Amino acid sequence: MTDPMTRPSRLLERTQILGALASKWQDAVRGNGSVVLVTGEAGIGKTSVVRAFRESLGAVRILSGACDDLQTARAFGPLRDAAAASCGPLEDALAGGAGEEVFDGALTELRTQPPTLLIIEDLHWSDDATLDVLAFLARRIDSVAAMVLVTIRDGGAAPGHPLHRWLGSLAGLPVQRIVLPSLSTGAVAELADQTDWDAATLHELTGGNPFYVTEALAAPPDDAVPATVADAVLARVRQLDSASIDAVERLSVVPKLVEFELADVLLGDRIDHLTSAEDSGIVQVRSDGIAFRHELARRAVEASLSGLRRRTLHRNVIGALGAMPRPDLARLVHHGLAANDSATVIRYAARAGRESAAVGSHRQALAHFEAALRYADALSTVDLARLLDDYAWELYNAHRFSDAVDVGERAVARYLEVGDPVLLGEARVRLSRHHYMIGDTRRAVETSRAALEGLERTSSLGATAYAATSYGAVLALAGDTDEAAPVLDRALQLATESERVDLIELCLNYQSLVRRDVDQDGRIALLRKSLALALEHGHHEHAARAYTNLGEILYRSAKFDELDVCLRSALRFTAERGFGSHAFNLEVHQALLRIRRGDWQAGEDALAAIIDRAGDPGMLRVYSVPTYARLLARKNPDTDLTATLLGAWHTAVEQGSLLALSFAGPALAEYAWISGRTDLATMVFEQWQTVCDRPGAGPVWGEVLRYCARAGVDIGAAPLDDVPERWAAGLRRDAAAAVAQWETIGDPYERALELVEAGTPEQTREALSILDGLGAAATAATVRRQLKSHGMQVVPRGPHSSTKAHPAGLTARQADVLDLVAQGLTNAEIADRLFLSVRTVDHHVSSILGKLGVSTRRDAGAVARVL
C-alpha cells in the first residue's frame, strides 16, 4: 500500500474555481478590481485553493493575513499581519492606532504598487474594525488594480455576528462569491487509490470533505474506522515519538500561527522535535512561522489535553507574549481566560477593550470589558468605575440600551465614592445619553443637568463644555427648545474657548433643532456645516449624528432627491464604521422615501427586516413601528392596528420629543381617518397643538392637520404660519394647488388623495386607480365609502384582488419567492437573494402554500413549473 502522504499533493475538482479566480485577477490587472469570497464548510479546502491560486500567479505583490480564533479578536488583526514589514502606508496607519488613517492607508496600499492581491483568511473570526475597512475597500475597489480575496467558513459566524451585516452591505458592489463543493465519489476514489480503503465507504464516511478524506487516509488502517476527524488527527499524532508529541501539544494552544519568535520561547532547543510532525503533515513551516496544517487539527490536539496540562501551556504562552516589546493585548487576554489567570486578565483586558474601542472594534471592546469584569472585586474603586463607564458605552454601541443604563448607574455610583467631580460629571453625561436611548427623557434631562451643575464648580473648561453641549442636546431632543437655545449658545462659546472642535460640531447639530431665527433651509445649512467639520476632523460618531438629523429634516422638507443622495452616503458611512443605531434611523428613512415614491413593497420589506432585527431598539422603536403600522393600515382593511399605533403614540407623548411625535402623530391620525375613529384623531390634534410652535415642527403639523381634517376633526383656525404649501393648499381647499404640489414632489399616494378632493369624475377615477395600483386597499375602501356618503351615484369599483394578474393570485413579491422555492433554495437563501428578513420569507412561503392549496415546498415548486 502507498502512504498518501508520500505522494504529491493533488487539488482535485478545483480547476474551474481556479480559472474563475484567474479571470478576476486579470480584471484587476486591467484596473477593474473586485472582492472575491471563497466560502464553504470547514475542511472543504478554502486555504488549499487560495494557496494554489497564489502560487499560480508567480512574482506578484501579495499581502496576506488571517483572522485568529481568539475569544476576542484582535483589532485589525489580519490587516496587521498583511502589512507587517511592508513599510507601506497601511503599516504606518496601523502603527498610528487611529481608525480613520487605516481606511485611507488600506486603499493607498492597494494603489501603491499595482496590481496587488490582498488575502484575508477566515473572515468569520474577524473583528469589527477589519470588516469596516473591507466594506470601505469594497465600495472603491472597482477602479483599483487590486483584488481582495477572503475566505469564510459556512456557519463560522454566529447569528448576529457583524459578518452577516457586512455580507449584506456588499449588494450591488463588484463582489463574487465562489462556493467550494465537496469532492465527488470519483475524486475520493482517486485519492484512495492503492490504499486499503473502500472508496464508497470513505466517501460516505467523510461526505467528500477533503480534510476528512485526507485525515482518514493518513490514519493507520485497521479494523476500526475513525468516527471523527479528531480521532483521525490524534491517530496520526500518536505515531510520533514522545518528544515530538510534547512539542506539538505546546503549540496546540496557540490559534492559527505561531511566530518563530514565539515558537523559540515556547520550545527552546526542543524546536527540532517538530521535524517529524512536519514530515508527517501535522504542522507546516511557513515564511512567517509554524502552523498546524489544518486549524481543525490544532483544535483536536488542544481538546485532548488534560485540564492542568492545558492551563500550564496557556500560562507558558502568556509569559512569552508578555515579554515581547509590544505584546498583543487580545492574545494575552485570550490565553489569560483559557488559563483562568486572573492577574493577566485584570492587567490586560480593560486596556485591550479601550484599544479595540479606539479603532472601532466595538464588539471586541465589549467582550474584553466583560472579561475584565469577571474579576471586578480585585479592582480599585476608580479603576472599576472607569471600567463600568467604558463598558456601558459599548453596551450602548451594541444596542443594549437598558443594560447600558444599569451599568452606567453603577459607574456613577462608584465615581461618587471616588470623589472626583470631573470624572463623575463626565460619567453622568454619558449616562444621560443612555437614559435618552431607552426613552426616559425626564431622567436624561435630570442627569445631564446634574452633570453640568457639578462640572461648573470645577476648573475644567473642556469638561464643562462637554456637559453644556450634552445638556443643550438633550433639552433639544426632549422638546424644551426655548430652554435649549441659550444653553447651546453658551456651550458653543465654551467649546470655542476650549478649542473643542468635536463639541462645536455637536452644538451646530443641535442648534438646527432649536433656533427660531432660521427657516428649514437654514437648519439644513447648520447640519451640513456640522457634518463637514466632523468629516474633516475624523469625528465619525458626530458625523453619523449629523447625517441622521440631516436625513430627518430633508424628509420633513420633502427634499426627496437631496434625501436620496444623503442616505446613500450616510448608509455607506455608517456601515463602514459600525454605527448601528444611526443606521437604524437612516434605514427607516430610506424605507419612508421608497414609500413616498410609490415603491411600497420595497418599503414594507425593509421595515419588516428592521423590526425583525435582533437587539434592543430602545427609543428607536418610535421610528420603525408606527411607520410600518401606518403602511399596513393603508393596505389591509381587516387588520386592527389600534393597539400598536396607540402604544407608539403614548410612548411618544411620554418621551415628549418632537421626533417621536413626528412619527407616531401622523401615523395615528391617518389610521383614525381610515378606520373612522375621529376620537383618535382628536387626541392627536389636541396634543400636537401644544408642540406645533416648536422650531421645525411646521411640516409635520401640516400633515397632522390634513389627516385630522379628513378624519372629521374641527381644526378651526389652527395656525398655518410654518406649514408648507403642500399641506396648506389642501387645508384651504385649493385642491388644484395641492395636486400640483404632490405631483412636483413625486408622492403618488398624497397626490391621489388630493385628486379625490378635486372632485371631478375623471380625477376621482385616476385617484382610485392610483390607490388600487399601490395596493392601498384600506384607503381606497375609505375613499369609496366617503364618496358614496357625499352623494356620488357611480363610484369606480376596485379590482377583486390586488393580485388579479397572477393566475394563482400571488403578489409580485410572492411570485418572486415562489420562483426561488421552485429552484430549491432555502428560506435563508431566498432572504439573502431578495434582501429580506428570514421571518418575512417565512410569512411569504406560508401564504404561497395556502394560495396554491399545497402543503409542501416540493408541491409548490411543481405548481410553479406549470403556471
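Colleague: Which helix holds Trp393 and Tyr396, and how many residues apart are they?
Modeller: Trp393 and Tyr396 are three residues apart in helix H20 (residues 381-397), so about one helical turn separates them. Helices here are DSSP runs of H or I with at least four residues, strands are E runs of at least two, and both are numbered from the N terminus.

Colleague: Before we go on, what kind of model is this?
Modeller: This is a predicted model, where local features need pLDDT of at least 70, side-chain atom pairs count only at pLDDT 80 or more, and totals for chains, interfaces and linings use all residues. Residues are numbered from 1 along each chain as its sequence is written, and side-chain values use heavy atoms, with hydrogens and water left out.

Colleague: Thanks! How many aromatic pairs are there?
Modeller: The structure holds 13 aromatic pairs. Rings of Phe, Tyr and Trp (its six-membered ring) pair if their centres lie within 6.5 Å; planes under 30 degrees apart count as stacked, over 60 as edge-to-face and the rest as tilted.

Colleague: Why does the pair of Trp393 and Tyr396 count as tilted?
Modeller: Because the planes of the two rings, Trp393 and Tyr396, are at 40°, with the centres 4.6 Å apart.

Colleague: Is Tyr396 buried or exposed?
Modeller: Tyr396 is buried, at 2% relative accessible area, while Trp393 is partly exposed at 24%. Buried means under 20% relative accessible area, exposed over 50%, and partly exposed in between (1.4 Å probe, protein chains only).

Colleague: Which residues do ring pairs link into a cluster?
Modeller: That cluster is made of Trp673, Tyr707, Trp727 and Trp742.

Colleague: Changing topic: how many salt bridges does a search of the whole structure find?
Modeller: The search finds 54. A salt bridge here is a side-chain nitrogen of Lys or Arg within 4 Å of a carboxyl oxygen of Asp or Glu.

Colleague: Which residue forms a salt bridge with Asp246?
Modeller: Arg250 does, with the closest N and O atoms 2.9 Å apart. Both Asp246 and Arg250 lie in helix H12 (residues 242-252), four residues apart. Arg250 counts as buried, at 15% relative accessibility. Asp246 also forms a salt bridge with Arg309, at 2.7 Å between the closest N and O atoms. Arg309 lies in helix H16 (residues 307-322), so this pair ties together parts that are 63 residues apart in sequence.

Colleague: And what about Asp521 and Lys559, how do their side chains meet?
Modeller: Through a salt bridge, at 3.3 Å from N to O. Asp521 belongs to helix H27 (residues 520-537), whereas Lys559 is in the loop between helix H28 (540-556) and helix H29 (560-577), 38 residues apart.

Colleague: Where does Arg634 lie relative to Tyr749?
Modeller: Arg634 lies over the face of Tyr749, 3.8 Å from the ring centre. A charge sits over a ring if NZ of Lys or CZ of Arg is within 6 Å of the ring centre and within 35 degrees of the ring normal. Arg634 also belongs to a network of salt bridges, with Arg630 and Glu670 among the other members.

Colleague: Last topic, the sheet: what is the strand order?
Modeller: The open sheet of five strands runs S2-S3-S4-S1-S5, with parallel pairing. Strand S2 (61-66) and strand S5 (175-179) are the edge strands, each pairing on one side only. Two strands pair if DSSP finds at least two bridges between them.

Colleague: How many bridges join S1 and S4?
Modeller: Seven bridges, in the parallel sense, pair strand S1 (residues 34-40) with strand S4 (residues 146-153). Val36 stands opposite Leu149 in S4.
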